[in-house]
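Open the model in your viewer and keep the selection tool at hand. This tour goes from one stop to the next.

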Amino acid sequence: MTRFKPANVTILKKLTFMAAVVCASSAFAAPLAPHVDTFDDVANNQLNLPRQLLTDAVMGGGSSATQSVERGVVTLQGEIVPARGQLGWVSYVLPLDIEGGAQDASPYEGVVLRVKLTKGNLSVSVNSTEVTNFDYHAAPITVTQDGEFHEVKVPFASLKRAWSEQAPLNPKTVNGISIVAYAVQPEPFDVSLDSVSFY
């Protein structure tokens, strides 16, 4: 039976530690999965990160919203009440990193949603760590308000910034996807989603 001398034990510990670091690094380097959220969990997306519901209250608006998740569908309902002279909004954020770090979505062409819009206006933004003024790359979502779910594909190349100098989205720097209800005057909104993915 072989006995390890203290020096050999130290080497073994170092090798074990190095193997753990390599495994951890490999996990962090894993490619970004295409499915961001299928709303199977009440609070968290497919990456096990909590969804965030934000309103224009931070800018003096009075918009409000509720969310409910049932049988793989999230329903967002509320009222857009803009601050005077501003656009009103409610944003439903699906984060891609717990600390807001950049993820590489360059293997994909864009975002695909299955959405049912009953009332209001809707857009999708792909949020980037390179954007520091919250003017993320976005595009309106246009679907028939017929009570049915529709698949909508939004190519990265179609996304634009609202007030900043135009530059294409860098898909290697994405850290979230936001579904945004918006209006220029008070009005209700009602939207349901059953999946958000990259394609």
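Start with R71, which is exposed because its relative accessibility is 76% (exposed means over 50% relative accessible area, buried under 20%, partly exposed in between; 1.4 Å probe, protein chains only). This is a predicted model: local features need pLDDT of at least 70, side-chain atom pairs count only at pLDDT 80 or more, and totals for chains, interfaces and linings use all residues. Residues are numbered from 1 along each chain as its sequence is written, and side-chain values use heavy atoms, without hydrogens and water.

R71 and E70 form a salt bridge, with the closest N and O atoms 3.2 Å apart (a side-chain nitrogen of Lys or Arg within 4 Å of a carboxyl oxygen of Asp or Glu). The structure holds three salt bridges.

Next, select D194 and R114. Their side chains meet in a salt bridge, 3.3 Å from N to O. D194 sits in strand β11 (187–198) and R114 in strand β6 (110–119), so the pair ties together parts 80 residues apart in sequence (strands are DSSP runs of E, at least two residues, numbered from the N terminus). R114 is partly exposed, at 30%.

Move to R51 and D37. Here the closest N and O atoms of the salt bridge are 2.6 Å apart. Both residues are buried.

Finish at Q145, in the loop between β8 (137–141) and β9 (150–155). Which residues does Q145 touch, not counting those up to four places away in sequence? They are L117, T118, K119 and G120 (contact means heavy atoms within 4.5 Å).

How values were computed. Helix = DSSP H or I, 4+ residues; strand = E, 2+ residues; numbered from the N terminus.
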